[in-house]
Amino acid sequence: MSAAVVVAVGVMTLGALAPPSVSAAASADAVQRSLNGLVRDEGVPAALASVQGRDGRTRTYTAGVGDLTTGSKVPRDGQVRIGSNTKAFTAVVVLQLVGEGKIGLDTMVDTYLPGLVRGDGIDGNHITVRELLQHTSGLPDYTNYLGDDVRYYAPRELLDTALRHPADFAPGKSWKYSNTNYVLAGLIVQKVTGRPLAEEMDRRIIKRIGLRHTYFPAPGDANIREPHPHGYLRDAADGPLRDITEIDPSWGWAAGQLISTDSDLNRFFTALLAGRLLPAAQLAQMRTTVPAEATFGPGARYGLGLVSRPLPCGGLSWGHGGSFPGYETRGGATDDGRAAHIAVSAQLTDEAPRRNLERAVDTALCR
């Protein structure tokens, strides 16, 4: 797996596959048409969606095939690797600890991890927790330097990889997406609580709001537990699709390791916006944003592990999005209770396919 693929934990063409046949009734639905279009036009083997309306009613959709070898159906609401949606979970845990008085948003990283963060233009005495969560720390992104070595990575190893490279800018002086920020946030959670990040996520979020299909894979676990579409990767623009479903996800860790479903992501972001996961003060901090159009598209802004995007029908959606070899996920929720997430079973490495996926989400949220 190339470094170009590994870097795409946060933001992510594949050749054409024959589109599946669909019934006239399914074709009449705008969301279904969007999924069919993703399979047809972007060459992804499968697309899955879960859409929740203002009334709380949920509808699920699929298009394509779940396994190119067997031609099996796409499992409804199947599990996928959700990549950088994990950052929203990590940020919630940090902000819960802020609410409990155990972490200070404007406290320096060195307070919690003394002497750990040092490098060329890098000093943990000058980087705050807030700057980590909002990608304004200037820390280089370790995923740019992992190369082709797909194996287990300890979190400290990921951090050390980043620290061998100079800072992108002085803390607080600019904005640039870096997975390193969230590895550090995860290490702070572990230092403050004395427990593994996975346990804290499970206790504080997953069990608390009943995410029955979401989990943080254990070290060495390359499988996906529940029914899922196979995930595919194209090593070169004109190369064949390669099944990459089973992969060690440890290089994503606090920045991108979770496995979930579209419906669980809807439940998570809906609960978050409704104030079920954070006190009002911390939720307000999470929703305080800075411009992030360079990474997330026109009008996008980044809070603390949370992205806002303007909807064509008015208002904002709040979510994150994620990419991991084999899968791409986009979606969000609104303050009035709408939610939608769409996953495809191939990583999208060009801007145009990603924007098409985001337009499909807009269709689902604005229908």
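Me: Lysine 87 first: buried or exposed?
Reply: Buried. This is a predicted model, and in it lysine 87 has 0% relative accessibility, which is under the 20% cut-off, so lysine 87 counts as buried.

Me: Which helix is lysine 87 in?
Reply: Helix H4, which covers residues 86-99.

Me: And what does the charged end of lysine 87 sit over?
Reply: The ring of tyrosine 182, with 5.9 Å from the charged end to the ring centre.

Me: How far is lysine 87 from asparagine 181, in sequence and in space?
Reply: They are 94 residues apart along the sequence, and their C-alpha atoms are 9.6 Å apart.

Me: OK, helices then. At what angle do H4 and H8 cross?
Reply: Roughly 40 degrees, with the axes coming within 10 Å. H4 and H8 are therefore oblique to each other, and their crossing is left-handed.

Me: Which residues make that contact?
Reply: From H4 you have Lys87, Thr90, Ala91, Val93, Val94 and Leu97. H8 brings in Tyr182, Ala185, Gly186, Val189 and Thr193.

Me: Staying on H8, is leucine 184 buried or exposed?
Reply: Leucine 184, which is found in helix H8, is buried, with a relative accessible area of 0%.

Me: What does leucine 184 touch?
Reply: Leaving out residues up to four places away in sequence, leucine 184 touches Val109, Leu113, Val117, Leu132, Leu139 and Leu159. As for C-alpha distances, leucine 184 and alanine 254 are separated by 8.4 Å, while being 70 residues apart along the chain.

Me: New topic, aromatics. How many aromatic pairs are there?
Reply: Seven. One of them is phenylalanine 89 with phenylalanine 268: the ring centres are 3.9 Å apart and the planes are at 10 degrees, so that pair is stacked.

Me: Which residues are in the aromatic cluster with them?
Reply: Trp175, Tyr177, Phe296 and Tyr302 form one cluster.

Me: And what does the charged end of arginine 287 sit over?
Reply: The ring of tryptophan 318, at 4.6 Å from the ring centre.

Me: Back to helices. How do H3 and H14 pack?
Reply: H3 (residues 30-42) and H14 (residues 351-366) have their axes 9 Å apart, at an angle of about 170 degrees. That makes H3 roughly antiparallel to H14. On the H3 side the contact is made by Ala30, Val31, Ser34, Leu38 and Glu42, and on the H14 side by Pro353, Asn356, Leu357, Ala360, Thr363 and Ala364.

Me: Now the backbone. Where is phi positive in a residue other than glycine?
Reply: Histidine 135 is one of those places, with phi near 60 degrees. Histidine 135 is in the loop between helix H6 (129-133) and H7, and is buried at 0% relative accessible area. Tryptophan 253 is another, with phi near 35 degrees. Tryptophan 253 lies in helix H10 (residues 253-256) and counts as buried at 8% relative accessibility.

Me: Why flag those?
Reply: Because most residues other than glycine have a negative phi.

Me: Last one: where is threonine 329, and what does threonine 329 touch?
Reply: Threonine 329 lies in strand S14 (residues 327-333) and counts as buried at 1% relative accessibility. Not counting residues up to four places away in sequence, the residues that threonine 329 touches include Val80, Arg81, Ile82, Asp262, Leu265 and His341.

Conventions. Residues numbered from 1 in each chain as written. Predicted model: local features only at pLDDT ≥ 70, side-chain atom pairs only at ≥ 80, totals over all residues. Heavy atoms only, no water. Phe/Tyr/Trp six-rings, centres within 6.5 Å; stacked < 30°, edge-to-face > 60°. Helix = DSSP H or I, 4+ residues; strand = E, 2+ residues; numbered from the N terminus. Lys NZ or Arg CZ within 6 Å of the ring centre and 35° of its normal. Axes fitted to C-alpha atoms, helices over the stretch in contact; angles between N-to-C directions. Parallel < 35°, antiparallel > 145°, perpendicular 65-115°, else oblique. Left-handed = near helix turned anticlockwise from the far one by under 90°. Contact = heavy atoms within 4.5 Å. Buried < 20%, exposed > 50% of the residue type's maximum accessible area, 1.4 Å probe, protein only.
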